[in-house]
Each structure stands twice: as structure tokens, then as C-alpha cells.
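Me: I'd like to learn how to read salt bridges in a protein structure. Could you walk me through it?

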Amino acid sequence: MTPEQLKHLRQQLRKQRRALSQRIRQQAGRKVAQRLRRQAVFRQARHIGIYLSAFGEVPTQAIIKLGLKQQKNIYLPQIRNFDQKLQWVRINRQQWQNRRFSIHRLGMHEPRQRSISVNRLDLLIMPLLAFDKYGSRVGMGGGYYDRTLWKKHKAYRLGLAYDFQQTEYLERQPWDQPLDAVLTPSGFSSFRSLKNH
């Protein structure tokens with residue numbers, strides 16, 4: 001895929017995502033939470049990193065609520081200024097209910113307490129713009145997850161997406177970090193055996 005084609009794909013998928021009604025988004029958020037609840041990777045995880053949806057991604061509120069209810073440690077990303085990598089900040093139920101977050105200059109909500117490294121997470125739930133059947137991912141454009149996951153980490157990498165975000169084949173660049181699985185409203189696809197594709 002040429003840089004021009006990739007740019008076009010990004011624009012097209014962003015537009016398609018923005019066009020979704022609030023009702024369809026909320027339904028998608030509930031469906032992925034119901035599917036995730038049954039997955040062993042979620043049931044066994046104690047430390048879960050997850051994004052707060054802000055740009056039309058699959059909503060994560062239902063998953064966050066489920067994790068807090070099940071006494072799991074839930075962490076939200078915070079961008080480190082000095083190297084533009086993500087650190088993870090644990091949130092509690094009260095903070096989540098009261099939405100005590102600051103707004104980053106890019107537009108997402110961030111918690112502001114002390115953070116931990118991605119190395120401490122069991123499960124990392126990531127946003128994306130596109131994915132293919134080999135676990136390649138086109139991110140949101142900032143490269144934060146690719147930079148953060150550049151060295152091998154134990155966290156299981158799970159992408160959240162709408163079904164229409166799947167594409168046939170994405171050429172993977174050396175810095176692109178592959179996914180272990182993708183969860184959409186209609187299913188769970190594992191790529192673990194394909195990681196070295």
C-alpha cells in the first residue's frame with residue numbers, strides 16, 4: 001500500500017466511523033464487552049490497560065465498568081512528554097464515575113496520577129483505524145502504541161474495532177507493532193499463530 005493509499009484509507013475509515021450514530025456506537029461497546037467477558041485472556045488478566053474513546057472509536061465504557069466490577073486493576077494511557085511513549089495510570093471506581101481527568105492537547109482525557117510501565121500490564125486494549133487478517137494494525141496516526149511496544153512486552157495486545165475496519169492486507173513497516181487479537185461487535189479473531197507473518 002502506497003503512502004497515498006494509506007492516507008486515503010485513513011480518511012475513509014475516519015469518515016465512516018464519524019458517521020455512526022450514538023446508538024450504534026453504544027451497541028458496539030456493549031457487544032464487545034459481552035464478548036470480552038467470555039474470553040480467557042480477560043478473565044485471567046489482573047492489570048488491564050485500555051483507552052478512553054474520544055474520536056469515534058469503539059466505546060470502552062462498558063469494558064471499564066465490567067473490569068472495575070470484577071475487581072480488576074484498570075489503567076488509562078498517559079502520554080509522556082519527553083519521549084511520546086505511553087505510561088499507564090490506574091483509576092478507581094470513584095474517579096471513573098466522577099470523570100476526574102485532564103484533557104490532553106490532542107483531545108483525549110488523561111488521568112494525572114503516578115503511572116506504571118506497559119511491562120506491568122497483562123492485557124492492553126488498543127484503538128485502531130484498520131486491521132487485516134494477519135494482525136497488522138493501522139493506528140490513529142500518532143505512533144504512540146508502536147513506540148511504547150517497540151521492545152517485547154508480556155501484555156496481550158487486543159485491538160478493538162468495528163467490523164468495517166477490517167481490510168484485506170496491510171503492509172507492515174518494521175516499526176509497526178502487530179496485534180495478538182482483534183475484537184469486533186461480531187467476533188473475536190486471534191492472530192497469535194500468525195505473528196511472524
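Reply: Happy to! A salt bridge is a side-chain nitrogen of Lys or Arg within 4 Å of a carboxyl oxygen of Asp or Glu. This is a predicted model, where local features need pLDDT of at least 70 and side-chain atom pairs count only at pLDDT 80 or more, while totals for chains, interfaces and linings use all residues. Residues are numbered from 1 along each chain as its sequence is written, and side-chain values use heavy atoms, leaving out hydrogens and water.

Me: How many salt bridges does a search of the whole structure find?

Reply: The search finds three. In one of them, Arg80 pairs with Asp83, N to O, at 2.5 Å.

Me: Which residue forms a salt bridge with Lys154?

Reply: Asp122 does, with the closest N and O atoms 3.1 Å apart. This pair links distant parts of the chain, 32 residues apart: Lys154 is in the loop between α6 (144-148) and β9 (156-160), and Asp122 is in the loop between β5 (109-110) and β6 (123-126). Helices (H or I, at least four residues) and strands (E, at least two) are DSSP runs, numbered from the N terminus. Lys154 is exposed at 53%, whereas Asp122 is partly exposed at 23%.

Me: What about Lys133 and Glu168?

Reply: They form a salt bridge too, their closest N and O atoms being 3.4 Å apart. Lys133 is partly exposed at 40%, and Glu168 is exposed at 57%.

Technical notes:
Buried means under 20% relative accessible area, exposed over 50%, partly exposed in between (1.4 Å probe, protein chains only).
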